[in-house]
Amino acid sequence: MTASNGPTEPTFQPVERTSGLAFERLPGQAIDFPIDTHMHTAFSHDSHVLLELYAAQAAEYGIREIAITDHIDFLPGAPAYRYFDYAVRRKVIGDAAERWAGKVRIRHGIEITYESRFEDEIREYLESHSFDYSIGSVHAVKEGPYHRERVESFARGKTVAEAVAPYFAEVEKAIRSGLFDTLGHLDQVKRWLRPWFPTPVFATIPEAYERLLRALVETGTALEVNSSGLRYPERETYPAGWVVARFRELGGERVTVGSDAHLPQSFAFGLEEAAEIVAAAGFDRLCLERSIERGDLRLPERFLRR
Ligand SMILES: [Zn+2]
Ligand SMILES: [Zn+2]
């Protein structure tokens, strides 16, 4: 989800239920699944969801672990710049983790908006604040070419390779920084460029992806298959299946899936499809923390029997 273009997810229908959950599970929301690694709560500027609701959904759907990954920006004045108090948030997540222990494992994560000009600040922040899990993501930041005020004039007249170049250059620097467990939504730029470049066009520039995938392999950074694109008209994960397959061919070993929910009806949405992509690429498990091998994040058998 973009840190500056705000959530534009589908509208939802609250329903009355005797179970106490305020939202009916939608068909695309996964059940019986090891983990959703990416979601935003009211500690993010663009979400109002209370952690408690995601936890209740996870317990009801059979999602055994969730990583809470609120936004943090480093550009002074950006929406997620100093938006939450670290100690308060850590306590809220820690208390919830205790309350839900034995039912849902709740992890203290973060999604950092990566901008190369703030790499020193990001490094210093990560060295002085502890998290279970960190995602580094490139967003449509205020002064960048993909911001809604600028993207049209930027994209017009360019080839797709030219149009993605600034985004992919920042993504490569984020990966090479070695700061993050996972690189978030590798090609979310598809969403902002869609009016000028239909999503299938991105499959015509594999060489642009190749550099990113090699950087992931070389740094041991995990690739996130972010299912939020399945909720948008592009109807495609970030990145698409062919990119995940190529990552595996290049020797990629660490992959994970996240819904990037900002709303309850987006929680765990699309994870089934994302896991099918992961399994088809030849992976049999997901991961979370860098350098921790998690046998319990093995994909359920239904994905592996094919
Ligand atoms: Zn994001
Ligand atoms: Zn996100």
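Colleague: How are residues and chains labelled, and what confidence does the predicted model need?
Modeller: Residues count from 1 along each chain as its sequence is written, with chains lettered from A and ligands numbered from 1 in the order written. This is a predicted model, where totals for chains, interfaces and linings use all residues, while side-chain atom pairs count only at pLDDT 80 or more and local features need pLDDT of at least 70.

Colleague: How many helices and strands does the protein have?
Modeller: Both are DSSP runs numbered from the N terminus: helices are H or I over at least four residues, strands are E over at least two. The secondary structure comes to ten helices and seven strands.

Colleague: What radius of gyration does the protein have?
Modeller: The radius is taken over C-alpha atoms, and the globule rule is 2.2 Å times the number of residues to the power 0.38. For 306 residues, a compact globule would come out near 19 Å. The C-alpha trace spans about 55 × 50 × 40 Å along its principal axes.

Colleague: What share of the residues is buried?
Modeller: A residue is buried if 20 or more other C-beta atoms lie within 10 Å of its own, exposed if 12 or fewer, and partly exposed in between; C-beta atoms are placed from the backbone. Of the 306 residues, the buried share is 46%.

Colleague: Among contacts between residues at least 6 apart in sequence, what share joins residues at least 24 apart?
Modeller: A contact means two C-beta atoms, placed from the backbone, within 7 Å. For the protein, the share is 79%.

Colleague: Is Val160 buried or exposed?
Modeller: Val160 sits in helix α5, residues 160-177. Beyond its neighbours within four places in sequence, Val160 contacts Phe197, Val201, Phe202, Thr204 and Ile205. Because 20 other C-beta atoms lie within 10 Å, Val160 is buried.

Colleague: How do α5 and α7 lie to each other?
Modeller: Axes are lines fitted to C-alpha atoms, for helices over the stretch in contact, and angles run from 0 to 180 degrees between N-to-C directions. Angles under 35 degrees count as roughly parallel, over 145 as roughly antiparallel, 65 to 115 as roughly perpendicular and the rest as oblique. These two axes come within 10 Å and cross at roughly 5°. So α5 and α7 are roughly parallel.

Colleague: How many nonpolar residues are in the contact of α5 with α7?
Modeller: Among the residues that meet are Val164, Phe168 and Val171 in α5 and Leu212, Ala215 and Leu216 in α7. Ala, Val, Leu, Ile, Met, Phe, Trp, Tyr, Cys and Pro count as nonpolar, Asp, Glu, Lys and Arg as charged, and the others, Gly among them, as polar. The contact has one polar residue, three charged and, for the class you asked about, nine nonpolar.

Colleague: How does α7 lie to α8?
Modeller: Helix α7 covers residues 206-219 and α8 covers 241-249. Tyr209, Leu213 and Leu216 in α7 meet Val243, Arg246 and Phe247 in α8. The axes come within 10 Å and cross at roughly 45°. That makes α7 oblique to α8.

Colleague: What is the handedness of the crossing of α1 and α2?
Modeller: The axes of α1 and α2 (residues 86-99) come within 11 Å and cross at roughly 30°. Leu51, Glu52 and Ala55 in α1 meet Val92, Ile93 and Ala96 in α2. A crossing is left-handed if the near helix is turned anticlockwise from the far one by less than a right angle, and right-handed if clockwise. Here α1 passes α2 in a crossing that is right-handed.

Colleague: Which elements do the buried residues of α9 pack against?
Modeller: Helix α9 spans residues 271-280, and its buried residues include Leu271, Ala274 and Ile277. They pack against β6, α8, β7 and α10.

Colleague: Is Asp260 buried or exposed?
Modeller: Asp260 lies in the loop between β7 and α9. Its phi is positive, about 55°, although it is not a glycine. Since it has 30 C-beta neighbours inside 10 Å, Asp260 counts as buried.

Colleague: Which residues does the cis peptide bond join?
Modeller: Most peptide bonds are trans. Pro239 is in the loop between β6 and α8. Omega is about -5° for the cis bond joining Tyr238 and Pro239.
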